[in-house]
Amino acid sequence: MDKSTVIQLIGSKISSEILKIPGKVIADKEPLISSGLIDSFSLVDLALQVEDLFGVRIEDFELNVDTFDTLDQLSDIILSRINQ
Amino acid sequence: MPNFSSVLYDHYKKFPDKIILHLQKAGNEDIHLSYKELIEGSAKYSNALSSSGINPGEVVVIILQHGLDLIYSYFGTILNGSIPSIMPFLTEKLLPEKYRKDLNSLIEITKPTGIITFNEFQTELSQFNDRSLVKKILISEEINQGKQLVIDSNFSGFSRKPDDIVLLQHSSGTTGLQKGVALTHQAVFNQLESYSKAIRLADKDIIVSWLPLYHDMGLIASFLMPVLTGIPLVLMSPFDWVRAPHRLFRAISEYKGTLSWLPNFAYNFCAEKIRNDDLEEVDLSSLRAIINCSEPMRFSSHEMFLERYSRYGFKASALTTCYAMAENVFAVTQDGIDKPVTIDVIDLEDFQKEKIARPSSEGRQSLKMVSGGKPIAENKIRIIDENGRDLPERHLGEILIHSNCMLSEYYLRNDETQQSLMDGWFKTGDLGYLANGELYISGRKKDLIIVGGKNIYPQDIEAVIGEVEGVHPGRAVAFGLFNEEKGTEDVIVIAEIEALETDKEALICDEIRRKVTQSTAVALHHVLLVDEKWLIKTSSGKIARSANKEKYLLEYVPN
């Protein structure tokens, strides 16, 4: 799986399942957490969506801006775990 | 007469080595705190306050993250006889400028003479040194280095009288921070006496909590009550819990927790957002009550929770409810302790049209109302209509309360205090009805939004939206809409915009979302941009929130 596919898959999942704005396009480098686009109650949801889509786990202590804040950064984490 | 300091000291004298608090933080070993350690750690803070010239009866604002410092500083302020007030912590999402503005309004109104914070935050606060009554900004790291003191009964806090103010409670946001609920030692003790009886609090209980301490359910039920009554408490960080809600159940299993308070949304959240893998070996059979409180209780939320967790030993009899508010210290009613929570099945149409809760008959659409229970001892409830007349049972009206644990005042806000009282009764602004002496909550008279148990004032959101370019100033409305799936309210915003090309609309929407989240830490569910004159105004030219909510429901929500 290449990076753009990962970004596209998780981006559309966030729009439809978390933000409930299907069709909204989130830019690769748009801040997700620090901007408040994803609120703290939805962080767990994000981890569960990633697990469903890619079978890799984002740990709870990783759900913060220090670990990732954009689709670009999140997809790097996902890819590194898929390839492990 | 006892006060907080003397009660804490008595526990220390009688049971110095009793572990009263187990403090959890993700990635760290649990800290087990005895009364001796608690009072010794707190004494350093008390000493630092008194050395800084901060007197009994003066307000101390505490800005610290979950941890030992927060606990020591709270009781240290009490031991000094000063009045602690916890300010929510600045999170990465909040805009610093907005936070500063809120902090400013808190400081202007409550006139603290001391602020306790951590080193990194010091510069953020230095501005208050010059232009306020603040005598000193105290740094927790420095205080912790202080020398160990001899613990005796010489702390200034021992001379506080029962009717002196012991603490302030605030809800969040610019509006909430301007109304500090001032409570006396006696009011808190009265509440603890009535409420511990209502929930049959006993020595074998263990309370487990993830709630923040700046919230009444966290501060009173899940912090002060256990420490002051000698019931062990397991306390985790709200920050950790929201990212890993299974931690609560792990803590309950490990410590054999018997009691836990949760806002309604947490039932849905825990039922849906926890992996089975994370629940391995979880055992909830020790729980004798989880108490649903601080936002409207839903039957469906209880059902979801029970269905998911009965296989982990959770008992249906442990589902309980409570109606509470900071202005009454905490609880007003409680249900589900000696009997199952009453579910009142009422006729939907009669309720909506006539505002009367008639038991439903077959073939009619019905509504399942969850009881909050009967008033706890020394608490009374009245239901009144818009003209202030008392209503009979099953008639919907505003809930008024009277008790021996009410607020003394909104601190230094005589105007707000007077407005909230009617002949000694506190006007809650909540709507409900009584049936067989039990209270059912159905909504609010005042325009308050509750998201995940947290109070959000719509005027704070509307003010922020007015600053977005392209939005007509003063032409925006925010309101809450209950989301069955989440078990809490969604926030909806409607804003009138200047005629623009449609491609700008998406930008305005994004900007509104961003600004609102940065100022209130809440994500908006729906931002609706409308043309000029869409919003309904009252005869006095104010935007009518409830009328616009009705219009939104009619035009945008199916059924």
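Me: Two strands pair if DSSP finds at least two bridges between them. Helices (H or I, at least four residues) and strands (E, at least two) are DSSP runs, numbered from the N terminus. This is a predicted model, where local features need pLDDT of at least 70 and side-chain atom pairs need pLDDT 80 or more, while totals for chains, interfaces and linings use all residues. Residues are numbered from 1 along each chain as its sequence is written, and chains are lettered from A and ligands numbered from 1 in the order in which they are written. In β4(B), what is the bridge partner of B:Val61?

Reply: Strand β3 (residues 59-62) of chain B runs parallel to β4(B), joined by four bridges. One residue along, B:Ile62 stands opposite B:Ile86. For B:Val61, the partner in β4(B) is B:Ser85.

Me: Which strands stand at the edges of the open sheet of chain B, each with a single partner strand?

Reply: The sheet has four strands in the order β4-β3-β5-β6 (chain B), paired in parallel. Two of them have one partner strand each, so one side of each lacks a neighbour in the sheet. The edge strands are β4 (83-86) and β6 (136-139) of chain B.

Me: Is the β-α-β unit of β3(B), α3 and β4(B) left-handed or right-handed?

Reply: The helix between the strands is α3 (residues 68-79) of chain B. The test: with the strands pointing away from the viewer, a clockwise path from the first strand over the helix to the second is right-handed. The unit of β3(B), α3 and β4(B) is right-handed.

Me: Are the residues on both faces of β3(B) buried or exposed?

Reply: A residue is buried if 20 or more other C-beta atoms, placed from the backbone, lie within 10 Å of its own, exposed if 12 or fewer, and partly exposed in between. One side of β3(B) carries B:Val59 and B:Val61. The other carries B:Val60 and B:Ile62. Both faces are covered, and these residues are all buried.

Me: What is the bridge partner of B:Leu262 in β12(B)?

Reply: B:Leu262 lies in strand β11 (residues 259-262) of chain B, where it and B:Ser260 are buried on one side and B:Leu259 and B:Trp261 on the other. Four bridges join β11(B) to the parallel strand β12 (residues 289-292) of chain B. With α12(B), these two strands make a right-handed β-α-β unit. The partner of B:Leu262 is B:Asn292.

Me: Which residues in α13(B) does α12(B) meet?

Reply: Contact here means C-beta atoms, placed from the backbone, within 7 Å. From α12(B) come B:Asn264, B:Tyr267, B:Asn268, B:Cys270 and B:Ala271. In α13(B) they meet B:Ser301, B:His302, B:Met304, B:Phe305 and B:Arg308.

Me: Which helix gives the most to the side of chain B that touches chain A?

Reply: The contact draws 18 residues from chain B and 16 residues from chain A. On the chain B side, α10 (238-243) and α17 (502-520) each supply at least two residues. The most, four residues, comes from α17(B).

Me: Which residues does B:Val242 touch, not counting residues up to four places away in sequence?

Reply: B:Val242 sits in helix α10 of chain B. It has 22 C-beta neighbours inside 10 Å, so it counts as buried. Its C-alpha atom is 9.4 Å from that of B:Ala266, 24 residues apart along the chain. Leaving out residues up to four places away in sequence, it touches A:Ser40, A:Phe41 and A:Leu43.

Me: What distance separates the C-alpha atoms of B:Leu183 and B:Ser408?

Reply: B:Leu183 belongs to strand β8 (residues 181-184) of chain B. It is buried, with 28 other C-beta atoms within 10 Å. Beyond residues up to four places away in sequence, its contacts include B:Ile165, B:Val329, B:Leu407 and B:Ser408. B:Leu183 and B:Ser408 are 225 residues apart along the chain, yet their C-alpha atoms are separated by 5.7 Å.

Me: Which residues in α16(B) are buried?

Reply: Helix α16 (residues 458-465) of chain B has eight residues, six of them buried, so it is largely enclosed by the rest of the structure. The buried residues are B:Pro458, B:Asp460, B:Ile461, B:Glu462, B:Val464 and B:Ile465.

Technical notes. Contact = placed C-beta atoms within 7 Å.
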